[in-house]
Amino acid sequence: MQQSLLTDTGLDLDRAWMVVGADGGFLTQRTLPRMALIRPQLGSDDMVLRAPGMLALHVAQGAVEAEAPTTVSVWQDRVPAWDMGAVAAQWFSDFPGQPCRLVRFEAGHAAGRRDQLRHERHRARGRGPDAARGAAGGGRA
């Protein structure tokens with residue numbers, strides 16, 4: 001990575017998307033190890049996902065198919081997220097071999113309370129994004 005925008009919650013778009021199961025609960029590489037083979041590439045307007053044996057999936061960064069957010073769970077938190085549509089859901093279901101959906105968080109919603117608490121602890125200790133921003137100059141890392 002040559003550069004990235006550093007926000008109050010970390011690297012820009014780092015926690016913007018999440019894969020959820022049929023029950024809306026978050027899924028990780030711990031539960032679906034094949035997810036480690038998915039290679040994202042962020043462009044200015046879209047995200048391209050590649051995985052072995054799959055066609056590339058292009059996901060628009062600013063577009064969603066749903067008219068309203070759905071509710072998903074991250075640990076014990078229930079948070080709003082936008083479903084990225086049937087094509088993304090099919091891609092994410094086909095690759096790991098179980099029903100999955102791709103969702104995106106609204107700006108300002110952390111992907112989980114634990115991430116927010118960790119961020120607050122690091123900021124209090126002078127190791128959080130605010131400390132890095134000052135060192136990086138101008139909010140870019």
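Two strands count as paired here if DSSP finds at least two bridges between them. By that rule, strands E7 and E8 run antiparallel and are joined by five bridges. Helices (H or I, at least four residues) and strands (E, at least two) are DSSP runs, numbered from the N terminus.

Welcome to a short tour of a predicted model, in which local features need pLDDT of at least 70, side-chain atom pairs count only at pLDDT 80 or more, and totals for chains, interfaces and linings use all residues. Residues are numbered from 1 along each chain as its sequence is written, and side-chain values use heavy atoms, with hydrogens and water left out.

**The sheet and its helix**

- Four strands make up an open, antiparallel sheet, and their order is E3-E9-E8-E7.
- Strand E3 (17–21) and strand E7 (70–74) are the edge strands with a single partner each, so one side of each has no neighbour in the sheet.
- From one strand to the next, the twist averages 55°; angles run from 0 to 180 degrees between N-to-C directions, and axes are lines fitted to C-alpha atoms, for helices over the stretch in contact.
- Strand E8 (residues 77–83) pairs with strand E9 (residues 100–105) over three bridges, in the antiparallel sense.
- Alanine 81 has phenylalanine 105 in E9 as its bridge partner.
- Helix H1 (residues 86–94) packs on the sheet, where it touches E3 and E9, and its direction makes about 125° with that of E9; contact means heavy atoms within 4.5 Å.

**The E7–E8 hairpin**

- E7 and E8 form a hairpin with two residues between them, and tryptophan 75 in the turn has a positive phi of about 55°.
- Valine 72 stands opposite valine 79 in E8.
- Serine 73 belongs to strand E7 and is buried, with a relative accessible area of 14%; buried means under 20% relative accessible area, exposed over 50%, and partly exposed in between (1.4 Å probe, protein chains only).
- Leaving aside residues up to four places away in sequence, serine 73 touches Met18, Gly24, Gly25, Phe26 and Arg78.
- Glutamine 76 lies in the loop between E7 and E8 and counts as exposed, at 67% relative accessibility.
- The C-alpha atoms of glutamine 76 and glycine 25 are separated by 9.6 Å, although these residues are 51 residues apart along the chain.

**The salt bridge**

- Side chains of opposite charge can pair when their charged atoms come close.
- The structure holds one salt bridge, meaning a side-chain nitrogen of Lys or Arg within 4 Å of a carboxyl oxygen of Asp or Glu.
- Aspartate 83 and arginine 101 meet in a salt bridge through their side chains (2.3 Å, N to O).
- Aspartate 83 lies in strand E8 and arginine 101 in strand E9, so the pair ties together parts 18 residues apart in sequence.
- Aspartate 83 is buried at 14% relative accessible area, whereas arginine 101 is partly exposed at 33%.

**Aromatic rings and charges**

- There are three aromatic pairs in the structure; rings of Phe, Tyr and Trp (its six-membered ring) pair if their centres lie within 6.5 Å, and planes under 30 degrees apart count as stacked, over 60 as edge-to-face and the rest as tilted.
- One of them is the stacked pair of tryptophan 91 and phenylalanine 95, at 6.2 Å centre to centre with 20° between the planes.
- Tryptophan 91 is buried at 8% relative accessibility, and phenylalanine 95 is buried at 3% relative accessible area.
- Trp91, Phe92 and Phe95 form one aromatic cluster.
- Arginine 34 lies over the face of phenylalanine 95, at 4.0 Å from the ring centre; a charge sits over a ring if NZ of Lys or CZ of Arg is within 6 Å of the ring centre and within 35 degrees of the ring normal.
- The charged end of arginine 104 sits over the ring of tryptophan 17, 4.6 Å from its centre.
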